[in-house]
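Reader: I am new to protein structures. Please show me how to read one, feature by feature.

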Amino acid sequence: MASSRKPEPTVPTPAALDPAESTPLTSSLAPERGAQTGDYLTTAHGVRLPDTDHSLKAGPRGPALMEDFHLREKITHFDHERIPERVVHARGTGAHGVFRSYGTAASVTRAGFLAEKGKETPVFVRFSTVLGSRGSADTVRDTRGFATKFYTDEGNFDLVGNNMPVFFIQDGIKFPDIIHAAKWHPDREIPQAQTAHDTFWDFVSLHTEATHHVFWAMSDRAIPRSFRTMEGFGVHTFRLVDAEGKSVLVKFHWKPVAGVHSQVWEETQITAGVDPDFHRRDLTDSIDAGLFPEWELGIQVMPDTPDESFEGIDLLDPTKIVPEELAPVQPIGKLTLTRNTDNFHAETEQIAFHMGNVVPGIEVTNDPLLQARLFSYLDTQLSRLGGPNFYQLPINRAHAPVNDNLRDGMHQSVVHRGIAPYLPNSLSQDGPVPAGPEVGGYVHLPKPVQGDKVRANPISFADHYSQAALFYASLSPIEQGHMVEAFTFELSKCYEQKIRERQLQVLANVNTELCERVAAGLGLPAPEGKPPVEVVPSPALAQVTDRVWPITGRVVGVVAGPGADLSGIAKLREVLEPQGVVLRVIAPIGGQLAGDGNVEIAERTFQTARSVEFDAVVIADGAGELLDLQLTLLLQEAFRHAKPIGAVGDGERLLLTAGIDPAAPGVLRAKSVDDGYVAQLAAALGKHRVWERMPLLRPVVSSPGS
């Protein structure tokens, strides 16, 4: 009997059916779908509602009726508004932007978004902390995630990195162990978002391959000033393949245009209390103000040799770096974040990164941590986002055409047509057709793979101390002092004496002087160790240098009040705001200050302002008579945190009231505000902090007998 089935629609070309466009829902029977665009309140199914304030009852005082479909729908949806938070990187924020290629990578990769000069690619970036829950504070001591989704013409590429170039472990099979150890204690679920506890230090002191990352985590890199002033790293070694099939090994770096800057430890603790959203607020405020954060993407390029090593460094070991002095970072493009999210849940929370999202010209390597991440990231999304169709969510959807033959599953939002979602087939002209390299198909570079099945690491993975020693030796004395304080603080929070002693032994195997200073702070004897005999520092690893950075996005608080010299504040605005500096007036009460033809709005009061939101504080002339304990505290904190402080005219009186030496480093005094004074302030902002002041503020922890 002849079949009554209609013939399969022909496929004119193998061009993909994009999930966003492959449904017949744009017919006259179904208007174009747009999220929440109607003028009237409706149910989720489009029924208009006259009232959403009262449930349907049997009389004004009667019981609610089960037939109230609006009540049931509204409450049911509310009950299910939350999805499981990420196991790690739960606390995060994100923004949209654009990546512009310099074209300089064309010599090493055929990836179009990197190889084509001037090519612009939409991106979404998510920044995060690792350990804390969604409700934890932004400024805790922790590694930061720096994950970027590139919506390229050839498919999505996800560069899922951190603000530290190394990781705690060498093999992904240990990831549950390090996270279980670093998270809260399971009996009481405390402490939140901290490593200053026994289980973390128990693990890392026993699992010494973590030593290098521990040093980064105890450095100022773990307490960044903002996401805008934070480096990013791809962590792993990747393989790039050019148009001729030649390959190199690379490491990816994000270099912030604003420079790499951190908070000081007391500042992070204050910030966590007064503004736990400090980093996400800084990012969104900067974008809203048009002060778009920028990073250059760079690569370190190494030969793709059979041993996959460079200058004696195993490139498959994720606990090792390649010093920039051995392989310079070559800029290949610039990332600019230009737009905040419209809906935090739909974008920042539902974005799904995956290390396996690569495009032609970029390949993974045999790094055993990277290999495990290729499985873990995809598996995680199935749990968090409810099934295999998470890639259809708008934030995850590829901008390249898609025709994947994948069907059904939970949350399938595409109305697929046809009856032949398989290959080969004869019902759809054997389409979609596979794509060879000549039309942009992803073809893996042929590489020989052989070896015995073993659970083992190469011998080159056995060096756990030399790069930690290199990192410490590369830091400035200021940063080394901060690391001593960090180790001392964290280990003092451990209850078990044996854990402190074991970690001191690890430190002794890295640097004798460091171990002695930490031991002195803990009141323990410093053990003998076997630190590396010779270490060549890498100056590129130090944050505190003589370099002057752009001041775009820096925030200056100006103390003023009735009778203050508003013309001086106007001069500050005239010169600093075109450079991207944000000025905020701090006064006894909010509202308008007026005089001499000038008007200023007090955006902060002495009760609402805290030092942590400002990169510098200037006391305007005419404000010297203002007396307030909160203002005194603000000035004292800014001084202790090594921030530039300005005092104009009688503003110097407030310094004396706060016990601040007007002649101390970084205190800028003048009778009035002129171009020269503003230039001094701008130069101080460019150095970020007045590090010369730090030795005056606290005693140095010395080793016994020194």
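Author: Start with a charge over a ring. The term applies if NZ of Lys or CZ of Arg is within 6 Å of the ring centre and within 35 degrees of the ring normal. Here, the charged end of Arg547 sits over the ring of Trp549, 3.8 Å from its centre. Arg141 lies over the face of Trp265, at 5.0 Å from the ring centre.

Reader: What should I know about the model itself?

Author: This is a predicted model: local features need pLDDT of at least 70, side-chain atom pairs count only at pLDDT 80 or more, and totals for chains, interfaces and linings use all residues. Residues are numbered from 1 along each chain as its sequence is written, and side-chain values use heavy atoms, with hydrogens and water left out.

Reader: Are Phe150 and Trp254 buried or exposed?

Author: Buried means under 20%, exposed over 50%, and partly exposed in between (1.4 Å probe, protein chains only). Both Phe150 and Trp254 are buried. Now take another stacked pair, Phe167 and Phe175, at 5.9 Å centre to centre with 20 degrees between the planes. Phe167 counts as buried because its relative accessibility is 10%. Phe175 has 27%, so Phe175 is partly exposed.

Reader: How do I read a strand and its partners?

Author: Think of the side chains first. In a regular strand they alternate between the two faces of the sheet. Next, look for pairing: two strands pair if DSSP finds at least two bridges between them. Strand 1 (residues 92-101) is mostly covered, with nine of its 10 residues buried. Nine bridges join strand 1 to strand 2 (residues 120-129), and the two run antiparallel. Seven bridges join strand 1 to strand 11 (residues 330-340), again antiparallel.

Reader: Which residues does Arg100 stand opposite?

Author: In strand 2, Arg100 stands opposite Glu120. In strand 11, Arg100 stands opposite Lys334.

Reader: Now salt bridges. How many does the structure hold?

Author: A salt bridge is a side-chain nitrogen of Lys or Arg within 4 Å of a carboxyl oxygen of Asp or Glu. The structure holds 40 of them. Lys643 bridges to Glu267, with the closest N and O atoms 2.7 Å apart. This pair links distant parts of the chain, 376 residues apart: Lys643 is in the loop between helix 15 (629-640) and strand 18 (645-648), and Glu267 is in helix 6 (residues 265-274). Both Lys643 and Glu267 are buried.

Reader: What about a salt bridge within a helix?

Author: Take Glu574 and Lys571, whose closest N and O atoms are 3.9 Å apart. They are three residues apart in helix 14 (residues 566-576), so about one helical turn separates them. Glu574 counts as exposed because its relative accessibility is 53%. Lys571 counts as buried, at 19%.

Reader: Which residues are linked in a network of salt bridges?

Author: Arg91, Asp138, Asp275, Asp277 and Arg281 are linked in this way.

Reader: Last one. Which residues make the nonpolar surface patch of about 250 Å²?

Author: Patch residues have over 30% relative accessible area and no salt bridge; like charges are joined within 9 Å, nonpolar side chains (Val, Leu, Ile, Met, Phe, Trp, Tyr) within 5 Å. Areas come from the Shrake-Rupley method with a 1.4 Å probe, and for residues only the protein chains shown count as cover. Ile419, Tyr422 and Leu427 make this patch. Tyr422 is in the loop between helix 9 (368-384) and helix 10 (466-474). With a relative accessible area of 37%, Tyr422 is partly exposed.

Technical notes:
Helices (H or I, at least four residues) and strands (E, at least two) are DSSP runs, numbered from the N terminus. Rings of Phe, Tyr and Trp (its six-membered ring) pair if their centres lie within 6.5 Å; planes under 30 degrees apart count as stacked, over 60 as edge-to-face and the rest as tilted.
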